[in-house]
Amino acid sequence: MSPPRSSSRKYRTYREDFARRRVDGDEKSGRSGLGPDGVPRGRQLGKKRSRGVLTLFSRFSALLRGHRAALGLAVLTLGISTVVDLIPPVVSKIAIDNVINGSPFGDGLLGRVGGWLPLRGEPKELLLFLFVAVVAINVGSILMRVWGRWQATRISHRVRVEMRRRVFNHAIRLPLHRVFSLKSGGASSIIREDAGGVGELVFSMMYNPAGAVIQLVGILLILSVTEWRLLLGAVVLLPVVFLTHRTWIGRIRPLWRDIRATRSHIDSRVTESFGGVRVVRTFGRERTEGTNFATDTHFMTRQELLGWWWNRAIDIVWRMLIPVALAGVLCYAGARIIDDRAAVAAGSLAPHKALTVGDLFMFLWYLASLLQPLALLASSAAGLQTSLAGLDRVLDLMEEPLESPTKPGAVALDPAQTHGRVEMSGVTFTYPKAPTPALNDVSFTAEPGQVVALVGPSGAGKTTLCNLIARFYDPDAGTVSLDEMDLRTVKVGSYRAMLAIVEQDIFLFDGTVADNISYGRRGATPDQIADAARLANAHEFIEDLPKAYGTWIGERGVKLSGGQRQRLAIARALLARPRLLILDEATSNLDTESERLIQSSLRNLMADRTSFVIAHRLSTITHADQILVMDQGRIIERGRHEELIARSGRYRQMVQIQTHPPQLDGDDDADDEDTVSDEQTPGQPAEAAQT
């Protein structure tokens, strides 16, 4: 369906889809969110996931390999400090009942504790001792807690860095069609937000819950010893945690998956808009792109506000529960104190068994402390869903297959032993989700050092053929071999080390001229870089730059002309010293003078290397050892230039169209017959324009 035009309409559609997915159970399967075209992402994915919390915990635990000992020590110090924090309420009770009011200790647990402590002196001295004891306990607890939290924080950052590294290394090795579907902004969002958020699971899944559980168990044990009725009241609160989890948490994680997916879409759109800013400005679409950005951002804001309300609902429940529980304990314990005083006065109850003001103070303290870990567990469970949603998306990406996976037993190529004979035999290849094959039963052989030119209309399969030679994809049928070795039996890295590609759409990095030329060869010396630039006819204009080879050229080389970028790319390929070379109209952006100078350099470069040239200007490939004419994924003609011209076939027609372009009626200024046209003139057949 068409995407909604306004954020409010898009949000209403999203809420309807979200409700439908809850009814259908899609949220538990992990399918969530609307795609940029308004179609629910679950429908786009076409498969269900069933990762529960335990599965995600297990996967995250595996990521902690190498950090478990340090994290265990951090949790241990947290447990010790948490237990130590339970002592001050007991000390306060002793101070109120046994020191200030002078009541006896009795023979219970507190009586034994009192026997261990020097509490037989003057009341003021005892208070001073208790004060020092509480301060020492708190200082020790704080130091242990800070040290443990520092360790957990350090582990969290290390896990974040490691996860980002893994996701980046995996994403950059995905099949090309998957990388293109991610877009640069979308990939950045997954690496930055989702993979980065996995580190927060150290706290939300392990450290904070561990402290809350230790505190909860400790308080329950103390209450069971001192007042079992209060223990029953505390246990009644536990189902509330379960109910809040069942009521809200089941919605929060799918919602945050949706929010992260929306953020990824926004990032990719922003990257795309700025990457194509020349096109945007040329067609005056600045306002349109701004409107699209605002609509998507408003839609994400509505999603985030919905998540905020669900998170606050949990917080509201607990904020209402805490004062109610405290008031209940105050009423219950206060009534008990009044009754016990009357019973003690009547002689029917021993004084040490009566409920005291110190008991009431201790109970209130422990109850407030009991509700704190319960609330922390509930809120942590809510916040946990955000990080789990990120981990879920990261695992989705990490489970996607890599491009051209290396088979067991694959061998590494030795450049000194590689001759460069490339052969395709019965190759058929279809892009994922494409209705028809891009290549269909293609076979040819390129001998070492030969120049093979690929010509044909747009969509004929020229680039696809080169993609298979570069092993960006593996064929569906048939084989691509190098020196009679199937490329699927060769390690990709060792093969790519002997390959260089110069494309028509040049990509340069945001760095210096020297950095870009030496990108294909680690450790290249300045002299080697300059020699490659001379062969590419780039040295002269580089020397005229402000800092010569140290000049910063900007992202994608925006500070250079098209021809200059092209020559830097050729220099980069020259410096790599490849055995195989792929040129995709490598001289298309050069002026006539520079092109003539580079052609001789390219011929010298290709003399000892097997080269594949995608050509649109047929005048540049007359020297090729073999010309493959392609159409609809098949090779329809092959041979040298002279042979193909003599056959009067498709290749000759293409040459004639370029060398004798049709003239407009009445055009007295048309070029003569020797003019070579690079672009379609009015009335020229569309097929010829695509060659």
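This is a short walk through the structure, with something to select at each stop.

**Before you start**

You're looking at a predicted model, in which local features need pLDDT of at least 70 and side-chain atom pairs count only at pLDDT 80 or more, while totals for chains, interfaces and linings use all residues. Residues are numbered from 1 along each chain as its sequence is written, and side-chain values use heavy atoms, with hydrogens and water left out.

**The whole protein**

Show everything as a cartoon. The protein has 24 helices and 10 strands (DSSP runs numbered from the N terminus: H or I of at least four residues for helices, E of at least two for strands). It has 691 residues, and 47% of them count as buried. Here buried means under 20% relative accessible area, exposed means over 50%, and partly exposed is in between, with a 1.4 Å probe and protein chains only.

Among contacts with a separation of 6 or more, 74% are between residues 24 or more positions apart; a contact means heavy atoms within 4.5 Å.

**Stop 1**

Select Leu-128, Phe-131, Val-132, Val-135, Val-139 and Leu-143: together they make a nonpolar surface patch of about 580 Å². Patches are built from residues with over 30% relative accessible area and no salt bridge, joining like charges within 9 Å and nonpolar side chains (Val, Leu, Ile, Met, Phe, Trp, Tyr) within 5 Å. A salt bridge, in turn, is a side-chain nitrogen of Lys or Arg within 4 Å of a carboxyl oxygen of Asp or Glu.

Zoom in on Leu-143, which sits in helix α8, residues 123–171. Leu-143 is exposed, with a relative accessible area of 58%. While you look along the helix, keep this in mind: an α-helix has 3.6 residues a turn, so residues three or four places apart point the same way.

**Stop 2: a four-stranded sheet**

In what order do the strands of the open sheet come? The order is β2-β1-β4-β5, with antiparallel pairing. β2 and β5 are the edge strands, each pairing on one side only. Two strands pair if DSSP finds at least two bridges between them.

Select β1 next, residues 422–429. 5 bridges join β1 to β2, and 5 join β1 to β4.

A polar atom of the Thr-428 side chain lies 3.1 Å from the backbone nitrogen of Asp-441. Beyond four places in sequence, Thr-428 touches several residues, including Pro-437, Asn-440, Pro-475 and Ala-477.

**Stop 3**

Follow the chain from β1 towards β2 (439–446) and stop at Lys-433 in the loop. Lys-433 has a positive phi of about 70 degrees although it is not a glycine, and at 85% relative accessibility it counts as exposed.

Asp-483 is in the loop between β4 (477–482) and β5 (485–486). Its phi is positive too, about 50 degrees, and Asp-483 is not a glycine. At 22% relative accessibility, Asp-483 counts as partly exposed.

Select Met-485 in β5. Is Met-485 buried or partly exposed? It is partly exposed, at 29% relative accessible area. Leaving aside neighbours within four places, Met-485 is in contact with Val-411, Leu-413, Val-480 and Val-490. Arg-421 is 64 residues away from Met-485 in sequence, and their C-alpha atoms are 9.7 Å apart.

**Stop 4: an enclosed helix**

Select α15, residues 462–469: 7 of its 8 residues are buried, so the helix is largely enclosed by the rest of the structure. Among the buried ones are Leu-465, Cys-466 and Ile-469. After α15 comes Arg-471, with a positive phi near 60 degrees.

**Last stop: Gln-626**

Finish in strand β9, residues 626–631, at Gln-626. Gln-626 is buried at 11% relative accessibility. The Gln-626 side chain reaches the backbone oxygen of Thr-445 at 3.1 Å. Apart from neighbours within four places in sequence, the contacts of Gln-626 include Phe-444, Val-451, Ala-453 and Arg-638.

Methods. Areas by Shrake-Rupley, 256 points an atom, 1.4 Å probe, with all protein chains shown as cover. Polar contact = N/O pair within 3.5 Å; in protein donor to acceptor, adjacent residues only side chain to side chain.
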